[in-house]
Amino acid sequence: MLDPTLVREHPETVRRGVRTKRIDGAEAALDALLLADEEHRLLRRELEGLQARRNADSKEIGARKRAGEGADDLMRRVAEVSAEAKRLEERERALRERIGRLRLELPNLPHDSVPVGESPHDNVVVHERPGVDQVGDPEPHWSYMERKGWLDQEAGHRIAGSGFMVLRGNGVRLARALESYFLARLADQGFEEVRVPVLANEASATATGQLPDKEGQMYRVDDGFYLIPTSEVSVTNLHRDQILDADALPIRYCALTPCFRREAGSHGKEVRGLNRVHQFDKVEMVAFTTAEQGYAMLETMTELAEELLSALGLRYRRLLMCSADMGFTQAKKYDLEAWSPAQDRWLEVSSISHLGDFQARRLQTRARPGGGGASGRTQPVHTLNGSALALPRTIAALVETYQTAEGELALPDVLVPYLGSERLR
RNA sequence: GGAGGGUUGGCUGAGCGGUCGAAAGCGGCGGUCUUGAAAACCGUUGUGGGGCUCGCCCCACCGGGGGUUCGAAUCCCUCACCCUCCGCCA
């Protein structure tokens, strides 16, 4: 949610920002919001006048009754005022709800450092880093892993459906080694690991911004729950409706969870194997910071994810996403893509975003010096999240990068402590 | 799944339909005392919105949402969450 005061007082600034995001209906929502907000303020003024009269007269009635006097005339008059107030209240309520909905439909504004663009072609390659030298002609990860008995797509299809995978044996060992390595590195960097629900309620999904914007991308299950599309939802909601101690910021968390995405309409070779699946594991970083710390934290988190890719010896690049390719909630976003040599294409393995105070306003997560027990003004915190890293595509890139002439996988040194060996057969 | 009990300012907790934005305590802030600190004592201390002759004034908020009433923290309905007991259960 944007700062309501900003929207009211600088609507054209907001309009310019919203436009660059290229989100359908966002500008219409802004216009509707400005109109409704003005109408609401006028209505409120009228209503408050009536309420003030009602309150004063009711008080007078109480005083007279205590004094043993009659108040029938006053009561009749207040009843009329009250009835009129009730009518206005009804209109006010409808308007208030409308404003609330419209506010949730306004996307976050891009940061000044974000290039304005119209499509993914306008994303900027910040840098590209080479990986290890690889064997001549690698086999695509899906056939390689199937052949080795590490991946069983057919079983995944039987159990759940298309887009669901079964990892087996050494495939699972590799995944777990990566997860352990990622989490250990994040723990070193002060990210507290949490294990969280993978079902979230509507309030949580709305607070982080999945609703109403991405309704169709989540699986909805009974009892009003959503399967989380990213642990960002669960972890960020750790502090919904809370006042944090500003002196304790930044607060950093990491979590490994499965993520569930409907990916409706995705077909073809782009989605083969581990490229795009409905359920995947991901290690996620989440940070709560002050306004001042936020953008430095974005760089820190991005570099941390890059270190993982470097240590794994993968060729990768960092993209600064242009205004139109950022999501609804983001003010600035980097994507990290690992090279898939057998597919001759980049695979997105991480996305690190700064949400500014946009998400915190929805979350009602504020901070003040001294925390909840202290006095003083609260400020919305700033929130960030990023993957470090998404497992399936990282595995795909590794498998295609580290194939040896002997048909084994010769894995990078950093994984040896977690794998117990440097080669997988 | 069944039966009860709860949800009140940053925290604990009291609140007969009117004098309740809400007792008391804790915490925070300021002061007195002190070489300094602690203790003690005194004062002060919720959020959001709107008006203004900038001293103030008004409105809303006691888990969310409705309702009854001249008037609701208090009565009614409803939803959510928490607790206790019973049942079931990895």
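This is a predicted model: local features need pLDDT of at least 70, side-chain atom pairs count only at pLDDT 80 or more; totals for chains, interfaces and linings use all residues.
1. Starting with α3, then. Just past it comes G68, with a positive phi of about 80°.

2. Is A56 buried or exposed? A56 has 10 other C-beta atoms within 10 Å, and the cut-off for exposed is 12 or fewer, so A56 counts as exposed.

3. On to the overall picture. I count on the assignment of 13 helices and 18 strands for chain A. Along the principal axes, the C-alpha atoms fill a box of roughly 105 × 45 × 40 Å. Of the 425 residues in the chain, 38% are buried. As for contacts between residues at least 6 apart in sequence, 74% of them join residues at least 24 apart.

4. The largest nonpolar core is worth a paragraph. It holds 93 residues, and M301, A305 and A388 are the ones with the most contacts inside it. Helix α10 (residues 294–311) gives this core its largest share, seven residues.

5. What does A305 touch once its neighbours within four places in sequence are left aside? The list is L336, S350, I352, G386, S387, A388 and L389. One of these, A388, turns up again with A305 among the residues with the most contacts inside the core.

6. Last, a helix pair. In general, two packed helices are described by the angle between their axes and by the distance between those axes. For α5 (residues 141–148) and α12 (residues 391–401), the axes come within 9 Å and cross at roughly 80°. Angles of 65 to 115 degrees count as roughly perpendicular, and α5 and α12 are therefore roughly perpendicular to each other. Where they meet, α5 brings H141, Y144 and M145, while α12 brings A396, V399 and E400. Sorted by class, this contact has four nonpolar residues, one polar and one charged.

Notes
Residues are numbered from 1 along each chain as its sequence is written. Chains are lettered from A and ligands numbered from 1 in the order in which they are written. A nonpolar core is a set of buried Ala, Val, Leu, Ile, Met, Phe, Trp, Tyr and Cys residues joined through C-beta atoms within 7 Å. A residue is buried if 20 or more other C-beta atoms lie within 10 Å of its own, exposed if 12 or fewer, and partly exposed in between; C-beta atoms are placed from the backbone. Helices (H or I, at least four residues) and strands (E, at least two) are DSSP runs, numbered from the N terminus. Two residues are in contact if their C-beta atoms, placed from the backbone, lie within 7 Å. Axes are lines fitted to C-alpha atoms, for helices over the stretch in contact, and angles run from 0 to 180 degrees between N-to-C directions. Angles under 35 degrees count as roughly parallel, over 145 as roughly antiparallel, 65 to 115 as roughly perpendicular and the rest as oblique. Ala, Val, Leu, Ile, Met, Phe, Trp, Tyr, Cys and Pro count as nonpolar, Asp, Glu, Lys and Arg as charged, and the others, Gly among them, as polar.
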